[in-house]
Amino acid sequence: MSYRIGVDIGGTFTDLVLLRPEGTTVIHKLLTTPAAPERAILDGVNALLERAGVPVDAVSSIIHGTTLVANAIIERKGVPTALITTTGMRDVLEIGRELRYDTYDPFIAIPRPLVPRRHRFEVSERLDATGAVLEPLDEASVLAVFEAIREAGIDSVAVCLLHAYRNPVHEQRIAALARERGFGFTMSLSSDVMPEIREYERTSTTVANAYVKPIVDEYLVSLDEGLSRIGVRAPFNLMLSDGGTVDMAAAAEHPIRLVQSGPAGGVYAAQRWGSRSERGNLLVFDMGGTTAKACLIHDGEPSRTSDFEVAREYRFKQGSGLPLKVPVVEMLEIGCGGGSVAVIDGLGMIRVGPESAGAEPGPACYGAGGAAATVTDADLLLGYLSADNFLGGAMRLDVDAAREALRSAIAEPLGVDVVQAAWGVHEMANESMASAASVHALEKAVDVQRFSLFASGGAGPVHAAHIAQKLGIREVVCPLGAGVSSAFGFLTAPFAFEFSRSNPAPVHQTDFGQVRSHVADMEARARTLLQQAGVAPDAVLVEVTARMRYLGQGYEIVVTVPQDLLDAGDHDRLRQAFDAAYTERYGNLQDSAPEVVSWRVVVRSHPPVLPEPPAPEATAGGSSRPRPKGRRPVYFAATEGFVETDVHDRSGLQPGHVLTGPVVIEEAESTVVVPPGCEATVDRHRAIVIRIGNDHRPAADETGD
Amino acid sequence: MTTEDNPPIDSIQLGVVWQRLNSILDEAAQTFVRTAFSTVVRENWDFGFGLMASDGRLFAQSSRSVPSFIGTMPVTLRVMRETLGGDGWHEGDVLVTNDPWHCTGHLNDITLICPVFHRDRCIGYVGGISHTVDIGGATSPQARDLFEEGLCIPVSHIVRAGEENADVIRFLAANVRSPTETLGDLRAQIASMNETARRIRALLEDIGIDDLDHVSAEVLERSERRMRALIEAVPDGTYRSSIVADGYDEPLTIRVAVTIAGNEVAIDYEGTAGQVEKPINSVMNFTRSYSCYTIRSILDPATPNNDGSYAPISVTAPEGSLVNPQRPAPVWARHLTGHYFPPVIMSALADVLPERVMADSGSPLWATYLRGIRDDKSRFAKIFFMNGGHGARPDSDGPACLSFPSNVSNTPIEEFENELPIVVREKALISDSGGAGAHRGGLGQRITMEVRSERPVLFSYRNERVNHPPRGFLGGEHGSRGRHLVNGAVVNPKAQASLAQGDTFTFELPSGGGMFPAWRRPIAAVVEDVLNGDVTVASARDSYGVVLDASGSVDEAATDRVRTERADGAEAER
């Protein structure tokens with residue numbers, strides 16, 4: 001029998017999902033144990049198996065996502081790290097791109113590099129831009145640097161030499177020297193970690209890799225031992241930031257690829273729903289306590305990027321963090337969550353976030369001493385949330401505290417009543433999330449009105465329908481088990497690994513022989529990693545892409561390169577492929593020659609075939625009308641006030657059930673709000689699919705009474 | 001027309017509409033980036049979109065607009081209205097101009113404005129400004145008047161009632177070096193503006209109001225009230241300062257008097273040097289933009305960029321001066337003057353607002369042009385930007401090598417070497433360069449380039465802060481001056497140099513000034529600086545009064561003695 005387990009370690013909770021062979025799931029949630037994260041996993045696995053009544057040797061695989069790497073960098077808890085660079089270049093890491101992320105604020109904080117200047121060393125060597133050796137590596141200078149590093153008590157060493165993306169010879173020689181001379185350093189070479197052009201970004205990535213590598217090593221070793229101890233023999237795999245899965249050894253080799261390991265899972269859960277429901281275009285929207293995250297799935301493929309940033313000084317400002325050149329699922333982070341604080345700004349208008357009341361003391365209604373008015377307080381006063389059913393009733397919300405917070409922070413300064421104030425906060429939160437999503441969609445050149453909004457997170461389903469109305473989106477999907485969707489998503493992801501390498505050349509000068517040899521090398525390495533994880537050699541898909549741009553531009557677009565184009569070495573077809581991709585993104589072409597900056601190879605397995613849950617009886621919903629568990633007054637703009645609204649318990653809904661808004665559907669982790677004019681249907685995966693009506697806003701002549 | 005005719009919208013709805021309008025402008029910016037042809041647009045975001053009310057006042061602007069575009073659109077709109085005269089605007093019109101005196105101060109920025117019609121009435125205007133790489137002309141840094149600097153487009157219909165004006169297009173195409181790019185950008189700009197107008201009409205339909213008058217009046221009124229309240233909190237008085245730019249033939253003094261009177265600020269540049277026959281003159285619009293930018297940065301960077309916020313700020317300068325030149329003064333590199341406005345205004349206000357200003361940075365922006373021929377006979381021409389150290393701030397050190405007040409990124413060395421026959425030998429922080437202070441100025445950098453091609457490479461540059469260092473504030477010490485060296489020998493900072501194979505050019509960028517007396521810097525911070533090599537042992541002793549022994553540990557007795565002497569000295573000076 002084949003039981004699969006997904007484990008997601010979040011900041012607060014560790015989530016586990018067990019998928020039974022017949023397609024049903026069992027979930028378990030427990031507190032994360034930050035000092036030794038593996039403890040929560042081991043305890044969780046034991047508890048989950050016990051609850052499901054499954055013997056430990058029946059588990060066929062465990063897939064894991066973790067915030068360990070991101071947290072180590074954000075909290076600056078990595079290991080002391082040294083950096084070795086080409087002569088004259090040790091300050092590249094500190095100088096960066098010389099850009100301010102806020103033009104109007106001269107007082108912004110600039111992130112400190114992970115390696116202080118005194119631990120950055122130079123060795124004498126130089127390659128030119130073609131990779132040819134201008135000056136040989138001076139091994140004596142290397143050994144002197146090794147001594148200095150040992151003297152400083154440092155074990156983890158990043159090496160990033162100029163043009164090493166073209167030619168790794170000197171970096172490799174430095175690593176070999178360390179081995180030969182018995183320096184037991186943990187080495188991270190830029191030519192291994194991410195051989196991409198642009199020295200600052202490559203150095204930053206290599207340094208971050210070195211900074212976390214020993215920690216990830218240690219963690220994986222103790223996790224491995226722990227799992228053996230409790231009798232797990234199944235292979236243990238990890239999810240990378242781009243949604244691919246690899247085995248433990250590959251993850252340990254490339255730890256920086258784990259930097260956004262957890263959130264990618266939620267996107268794969270959405271993709272799976274989309275593929276089973278024939279929805280290729282999804283706006284995946286996860287609104288939690290402090291932030292909302294959005295990711296576009298277009299034609300079934302999640303948006304990806306290799307320009308990632310971690311540890312932002314200012315949470316939502318692009319450019320305020322440390323750049324990492326790693327493949328990630330692209331997520332837009334918006335400073336708006338349930339705990340986001342609403343204030344009256346300098347113009348006398350409501351502003352929501354990015355400040356958050358956090359979990360402690362949290363929103364005023366948590367009754368833990370928080371006095372700030374938050375989105376959750378507003379949602380409570382509007383009747384979207386129930387004081388008695390928050391977190392499945394585990395926490396009683398304090399309505400009076402919420403009212404008082406909104407009265408003093410919003411209603412009084414604006415001279416409106418508390419309900420209007422609450423509606424204003426809810427509305428402004430939605431407006432800011434809709435704006436951010438809309439600008440992001442334009443950046444990605446997609447028409448968001450052709451997308452379905454896939455809502456998860458505690459606050460997502462509360463706000464989703466109203467946000468969809470603002471964006472002109474016609475359909476909202478609220479999946480079952482949204483609280484553990486990342487862990488579930490791990491189970492649906494294919495094994496995959498990506499390698500890339502810069503090899504800048506104008507299209508008409510591309511040396512296809514060399515490209516084929518680089519591609520073959522990357523493919524072989526990725527295949528090895530997948531085989532190591534148990535994937536059969538003939539069960540993989542290989543995708544080759546080129547990052548291309550016009551000569552002189554600073555940013556590239558991704559162009560898919562078919563194998564036969566590569567085999568034929570066809571310059572004209574490469575140009576045509578670029579033209580097509582450029583036109584799709586920018587709508588026009590330039591009067592200039594394109595170039596390839598780097599080549600990328602992704603090798604992936606087919607997505608795992610997951611058992612379908614037992615087909616629901618077709619008539620289950622049709623024959624019975626679900627009975628509400630109660631009614632309460634809920635505020636809607638269209639009704640210009642509170643209306644008595646049916647409240648359903650989600651566990652009582654069956655596939656085929658249809659509910660007409662206004663209606664509220666409660667579950668343990670969240671609440672689905674269905675406004676008037678909208679209709680909710682329970683689909684065969686027990687997701688609630690809301691058809692968004694037109695009449696979200698009363699016409700002008702109806703308001704003027 | 002009047003706001004009484006509209007159903008008044010409440011404060012909550014106003015907030016929603018305001019957020020939506022800002023979003024619409026940011027979406028216009030995003031659409032433009034996606035459809036424009038030129039790399040400048042796509043990578044430097046050197047453009048901006050704005051929304052003007054029916055009375056012509058600017059009330060919303062796209063969020064990433066560069067400082068030099070602040071407040072210029074209403075001036076351009078006024079000139080356009082005067083030019084149109086009685087005929088007025090028609091639906092589907094788009095007007096164009098790049099006249100430096102009516103727009104942003106140099107020919108490369110092209111301003112377009114179109115009216116927004118709703119229910120047959122003009123309810124406001126959408127403006128767009130974008131930097132074009134080439135506008136014709138000699139491209140010489142030695143231009144002596146505006147005519148040498150390129151094509152000056154007078155106010156013209158580029159689109160009339162929805163039809164592109166073929167005459168204007170032909171004129172443009174005939175006068176620029178890369179018409180595909182320039183016209184492509186203009187058309188993308190027009191399309192983004194039309195889309196903005198459409199979205200605004202849809203918003204009005206959505207919320208059921210006839211025009212934007214109520215919204216714009218409220219936003220402007222609230223912005224103005226906000227700015228006045230912030231100014232009110234500053235003690236009244238006239239605060240003076242001056243700064244000396246290196247200039248070309250002689251130093252040029254920029255003098256400022258900042259008068260705070262109740263809830264208004266008057267910035268006057270009386271006493272500033274006269275205009276020069278070099279392309280560094282800053283027209284009044286540019287002078288006003290960077291002056292307003294500075295006040296906004298000091299008082300509240302989050303205040304909206306609109307005519308309400310800037311209503312309480314007046315900027316004046318003598319006619320014919322460097323900061324208010326008369327036609328046809330050359331203006332191309334106006335930033336070489338304009339980048340001095342933030343430091344000179346901040347130094348004027350340093351005593352009264354010590355917690356809201358920062359010391360001088362190693363700016364104006366440095367650059368060098370490189371022209372030459374590769375060994376494969378292909379030609380190249382490239383601009384390479386460099387930034388010095390950032391000034392120390394009231395609560396923190398100045399970061400090393402950070403662009404201010406403009407915001408221009410560097411070119412990665414690996415990209416640079418892929419494109420040009422040059423090897424960068426060094427790009428390193430200069431130890432000890434940061435102005436000493438309780439908060440230290442950001443370090444400058446040294447960049448050394450070696451020519452590899454058989455034929456010579458021509459470097460052209462005109463950089464500032466070589467004779468006059470970035471100043472420290474409130475007891476902080478000055479930063480270091482910049483230098484230009486060919487094969488190790490110092491050369492003129494505003495010149496051209498032809499370098500043969502194997503020759504090296506070294507740029508030493510100026511650093512930031514310090515803030516507050518250096519002996520007040522925490523000892524631990526000085527030790528950290530010494531460990532990192534940012535400050536030498538000698539400077540730790542001489543500038544900071546921190547005495548380190550041979551092993552690198554602090555000699556506490558000696559340090560205490562030196563620091564006490566400094567403190568007593570400072571006390572005695574009072």
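Which residue is the bridge partner of A:Ile344 in E22(A)? The partner is A:Ile350. The model is predicted.

## Hairpin in chain A

The pair A:Ile344 and A:Ile350 belongs to a two-strand pairing. Strand E21 of chain A covers residues 340-344, and strand E22 of chain A covers residues 350-356. They pair in the antiparallel sense. The pairing runs over 4 bridges.

E21(A) and E22(A) form a hairpin with 5 residues between the strands. Within this hairpin, A:Gly348 takes a positive phi near 75 degrees.

## Open sheet in chain B

Chain B has an open sheet of 7 strands. Their order is E2-E1-E5-E4-E3-E6-E7, with antiparallel pairing. The edge strands are E2 (58-61) and E7 (163-164) of chain B. Each of these pairs on one side only. Strands of a sheet pair through backbone hydrogen bonds.

Strand E3 (residues 94-97) of chain B is joined to strand E4 (residues 109-118) of chain B by 3 bridges. The two strands run antiparallel. B:Leu95 stands opposite B:Ile113 in E4(B).

## Negative patch in chain B

A patch of negative charge lies on the surface. B:Asp549, B:Asp555, B:Glu556 and B:Asp560 gather there.

One of these residues, B:Asp560, lies in helix H14 of chain B, which covers residues 556-573. Is B:Asp560 buried or exposed? B:Asp560 has a relative accessible area of 51%. Exposed means over 50%, so B:Asp560 counts as exposed.

Note on methods. Residues are numbered from 1 along each chain as its sequence is written. Chains are lettered from A and ligands numbered from 1 in the order in which they are written. This is a predicted model: local features need pLDDT of at least 70, side-chain atom pairs count only at pLDDT 80 or more; totals for chains, interfaces and linings use all residues. Side-chain values use heavy atoms; hydrogens and water are left out. Patches are made of residues with over 30% relative accessible area and no salt bridge: like charges are joined within 9 Å, nonpolar side chains (Val, Leu, Ile, Met, Phe, Trp, Tyr) within 5 Å. Accessible areas come from the Shrake-Rupley method with a 1.4 Å probe; for residues, only the protein chains shown count as cover. A salt bridge is a side-chain nitrogen of Lys or Arg within 4 Å of a carboxyl oxygen of Asp or Glu. Lys and Arg count as positive and Asp and Glu as negative; His and the chain ends are not counted. The place of a charge is taken as NZ of Lys, CZ of Arg, CG of Asp or CD of Glu. Buried means under 20% relative accessible area, exposed over 50%, partly exposed in between (1.4 Å probe, protein chains only). Two strands pair if DSSP finds at least two bridges between them.
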